Amino acid sequence: MRKNWANLFRTPHFIAQHLRHSNQSPFLLLQRIRRSPTSTPSSFCLIGPDLTVHEFPYLDFASNGAKVVGSCNGLLCLRHSNHALSICNPATRQVTQVPQTLTDVRNFYYFGFGYSALVNDYKIVRICVCQSDDDDDNDGNDGIVVLDDIHVNQVEVYSLASGSWRQVDATNLQNLCPFSNAVAAGGGMFWKATASPELGSSQDPDECLVSFDIGRDDFRLLRGPESHLSLTTYSCNSVLAEYVDKLAIFHQFMMGNSDNFMTGIVQGSLIDLWVLDNTQTYAVEGERWIKLYTLGPFSRILYPISIWGDQIVCREELFELDGEYGRVKTTLSILNPYSSELKNLPAHRNDNYYVSFNYAESLVSSQHSA
């Protein structure tokens, strides 16, 4: 009887049902990263839907200075301080060490991690960028690097199903430079990137979005939603997010004018949330962005980080004097977009930088198919 129950827990149907239930109330996984160089490794905080702090299962996975690349269906993709990659399921304590990539490119690189139901596979994308030939004498990571001088060199994709890497065509990315963490949604991965003016958004002519179709292994470029400064706003920051398995983008506006900002006087902030309504079909239909809501104005400066359930995870940075010098302290909160209620998260005010992920416990295997 006990063996029968164990076999039941391993069936694809039970694993899928368990995952569907867990995804209805995901945890918020916060990674604390020190702003200044230090020997102290990054740490993790797991917060439940009731805002209580939970012990994160199987913390051994976070050894060796690991940082989370992405979280998907209970699996975490980790990048370690020795540049190795792994995929783990903290709930089942399964860990898969990802083999080395095809080439050893010691320049800059950006990662993404996501799942496609089309091919039933989890993939890691590694985008390598390097400096232009004229700047080879800088040795990539040494000296001052200008974003205009670097471009995508090559892209490699790891498939968990096959357990191997392959190089994919990235010709249309050669004149781009990614500069954001990846967001996975609707069977794709998305990054922000600098671009030539004809590819840019109306908000920023030098900025575009890069998408990777996980099932088809191809890249596309798309425009972000339109955003215009008003008479009461002078700055706009954009942040990618995932909303109900669709790509979303926050536009955060500073209230006041540029003179106020230079003197350290900011009147407040506004937040817009846009969603790519046809995330799974935009390649055929063209982008269809829908503005869900505008929040604010707020009397404080709130920076949206991500979406957790139906609420927005926000960061507030406070400048505090510490003797002769000042320090930036970070406070995290969640914002209810319907009531505008703001609640502090149970994370200490400190000088860490936070990266957030949705995490749902699951029985999904982190091992590649035999």
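How many helices and strands does the chain have? In this model, which is a predicted one, the chain has four helices and 25 strands. Of its 370 residues, 46% count as buried, and among the contacts between residues at least 6 apart in sequence, 52% join residues that are at least 24 apart. The chain exposes about 19,200 Å², and carbon and sulfur atoms supply 49% of that area.

The largest nonpolar core has 18 residues, and the members that touch the most other members are V125, I127, V155, L173, W191, F212 and F219. Four strands, namely β9 (121-131), β10 (150-159), β14 (188-194) and β15 (207-213), each supply at least two residues of this core.

I87 brings us to a sheet. Strand β6, residues 85-89, pairs with β7 in the antiparallel sense over five bridges, and the bridge partner of I87 in β7 is T96. These two strands belong to an open sheet of four, in the order β4-β5-β6-β7, with antiparallel pairing. Its edge strands are β4 (67-72) and β7 (94-98), each of which pairs on one side only. On average, and ignoring direction, neighbouring strands of the sheet are turned by 20° against each other.

Finally, some backbone details. Most residues other than glycine have a negative phi, and most peptide bonds are trans. With that in mind, which sense does the peptide bond from G296 to P297 take, cis or trans? That bond is cis, with omega near 10°, and P297 is found in strand β20, residues 289-298.

As for phi, L51, although not a glycine, has a positive value of about 70°, and this leucine lies in the loop between β2 (43-47) and β3 (53-54). L51 counts as partly exposed because its relative accessibility is 22%, and the cut-off for buried is under 20%. N120, also a residue other than glycine, has a positive phi near 50° and is found in the loop between β8 (108-116) and β9. Is N120 buried or exposed? At 54% relative accessibility, N120 counts as exposed, since that class begins over 50%.

Technical notes:
Residues are numbered from 1 along each chain as its sequence is written. This is a predicted model: local features need pLDDT of at least 70, side-chain atom pairs count only at pLDDT 80 or more; totals for chains, interfaces and linings use all residues. Side-chain values use heavy atoms; hydrogens and water are left out. Buried means under 20% relative accessible area, exposed over 50%, partly exposed in between (1.4 Å probe, protein chains only). Contact means heavy atoms within 4.5 Å. Accessible areas come from the Shrake-Rupley method with a 1.4 Å probe; for residues, only the protein chains shown count as cover. A nonpolar core is a set of buried Ala, Val, Leu, Ile, Met, Phe, Trp, Tyr and Cys residues joined through side-chain atoms within 4.5 Å. Two strands pair if DSSP finds at least two bridges between them. Axes are lines fitted to C-alpha atoms, for helices over the stretch in contact, and angles run from 0 to 180 degrees between N-to-C directions.
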